[in-house]
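Please brief me on the fold shown here. Keep it short and grouped by topic.

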Amino acid sequence: RTQARAATPRAKMPKIVIQGKKQSKNVFGGATGKKRATTKSARTLEAGKFHNKVKMWFKDLDDTYQDVLDRARVEKLLGMLHDDHAEATPPHATEVDWVMRKNALSSPDSMTLKECENAVLSYKAYLKRRPEIEHAFREYDLDGDDFLNRAELSQFIAFELNSGDLPNDQELDWLMSRIDVGGALSGANDGLIGRTEIMRAKDEWCLMPDSVGRGSNFANPRDAGDAPAQLVESDDEAEPKKGCCVVM
């Protein structure tokens, strides 16, 4: 009789251990996967803390115990957010009106806790660009009405996005049609650009099609090899020159 050969046990792959910690079996998981998970957990924790902070602000301001905040109290709520983000100036009336118009859905004159939470989240994102918006209106709102008319917008485009060259009528008409969509106190196609509308100007100018014009000094962000001098970093200059798609 032929004796059956004993099965040879399959060799086990050695466990990879770095600094005493067992690594993931997934070759794509590794440290990168752990870092992603840690970052996600940190963001979730931070979002939860901010959510609780907004609820606390709402409770402190709801001194009528009606579970809603009127416009005056919403303005104070935004002021608390300003303080939390070290904003030097309080919210403008147009900014409060914009928040009310966008988020006060159950009643035009007041906001519930859920509406306030949504409002604060959107306004928090707006605050990231507020210094840029403040600069635009401080420099180019010559009549002080808190709007940019066509002539003022032309100056803004020229000196902030187009290296001093004024946009022609065709370019300005196209841009106005894209950004004059209505804000807190301005209507669509009324020829007035408000604080929330001006946020679209830079993006739309950079995306203007060739058939319209885009200005003599325009730089297409997709044509990196043909970027003009004002978009190329230089070791000799401490600050980059202003041009299209350059974040102020």
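This is a predicted model: local features need pLDDT of at least 70, side-chain atom pairs count only at pLDDT 80 or more; totals for chains, interfaces and linings use all residues.

UniProt places the feature "domain: EF-hand" at residues 128-163, in an unreviewed entry. UniProt positions are given in the numbering used here, feature names are shortened, and annotations may be inferred rather than shown by experiment. Over residues 128-163 the chain is 64% helix and 0% strand. Residues are numbered from 1 along each chain as its sequence is written, and side-chain values use heavy atoms, with hydrogens and water left out.

**Confidence**

- The protein chain averages a pLDDT of 78, where pLDDT is the predictor's confidence in each residue, from 0 to 100.
- Of the residues, 69% score at least 70.
- Over residues 215-248 pLDDT stays under 50.
- For residues 215-248 the model has 44 contacts beyond four places in sequence; contact means heavy atoms within 4.5 Å.

**Overall fold**

- The protein chain has 8 helices and 4 strands. Helices (H or I, at least four residues) and strands (E, at least two) are DSSP runs, numbered from the N terminus.
- Along the sequence, the pattern reads β-β-α-β-α-α-β-α-α-α-α-α.
- Buried residues make up 37% of the 248 residues in the protein chain. Buried means under 20% relative accessible area, exposed over 50%, and partly exposed in between (1.4 Å probe, protein chains only).
- Among contacts between residues at least 6 apart in sequence, 57% join residues at least 24 apart.

**Helix 2 against helix 3**

- Two packed helices are described by the angle between their axes and the distance between the axes.
- The axes of helix 2 (residues 71-84) and helix 3 (residues 93-103) come within 10 Å and cross at roughly 110°. Axes are lines fitted to C-alpha atoms, for helices over the stretch in contact, and angles run from 0 to 180 degrees between N-to-C directions.
- Helix 2 and helix 3 are therefore roughly perpendicular to each other. Angles under 35 degrees count as roughly parallel, over 145 as roughly antiparallel, 65 to 115 as roughly perpendicular and the rest as oblique.
- Helix 2 contributes Arg-71, Val-74, Glu-75 and Leu-78. They meet Ala-93, Val-96, Asp-97, Val-99 and Met-100 in helix 3.
- The residues of the contact of helix 2 with helix 3 divide into 6 nonpolar, no polar and 3 charged. Ala, Val, Leu, Ile, Met, Phe, Trp, Tyr, Cys and Pro count as nonpolar, Asp, Glu, Lys and Arg as charged, and the others, Gly among them, as polar.

- Helix 3 is mostly covered, with 8 of its 11 residues buried.
- The buried residues of helix 3 are Thr-94, Glu-95, Val-96, Asp-97, Trp-98, Val-99, Met-100 and Asn-103.
- These buried residues pack against helix 2, strand 4 (110-112), helix 4 (113-127) and helix 5 (130-140).
- Ser-122 lies in helix 4. Leaving aside neighbours within four places in sequence, Ser-122 is in contact with Lys-102 and Asn-103.
- Ser-122 and Val-99 are 23 residues apart along the chain, and their C-alpha atoms are separated by 8.6 Å.

**Helix 6 against helix 7**

- Helix 6 and helix 7 pack at an angle of about 105°, with their axes 11 Å apart.
- Helix 6 and helix 7 are therefore roughly perpendicular to each other.
- Arg-150, Leu-153, Ser-154 and Ile-157 make the contact from helix 6. Asp-169, Leu-172, Asp-173, Leu-175, Met-176 and Ile-179 make it from helix 7.
- By class, the contact of helix 6 with helix 7 has 6 nonpolar, 1 polar and 3 charged residues.

**Loop residues**

- Gly-191 is found in the loop between helix 7 and helix 8 (199-206). Gly-191 is partly exposed, at 25% relative accessible area.
- Not counting residues up to four places away in sequence, Gly-191 touches Leu-148, Asn-149, Arg-150, Met-176 and Asp-180.
- Gly-191 and Arg-150 are 41 residues apart in sequence and 6.4 Å apart in space, C-alpha to C-alpha.
- Ser-163 sits in the loop between helix 6 (150-161) and helix 7 (169-179). Its phi is near 55°, a positive value in a residue other than glycine. Ser-163 is partly exposed, at 35%.
- Asp-67 lies in the loop between helix 1 (30-61) and strand 3 (68-70). Asp-67 has a positive phi of about 60° although it is not a glycine. At 54% relative accessibility, Asp-67 counts as exposed.
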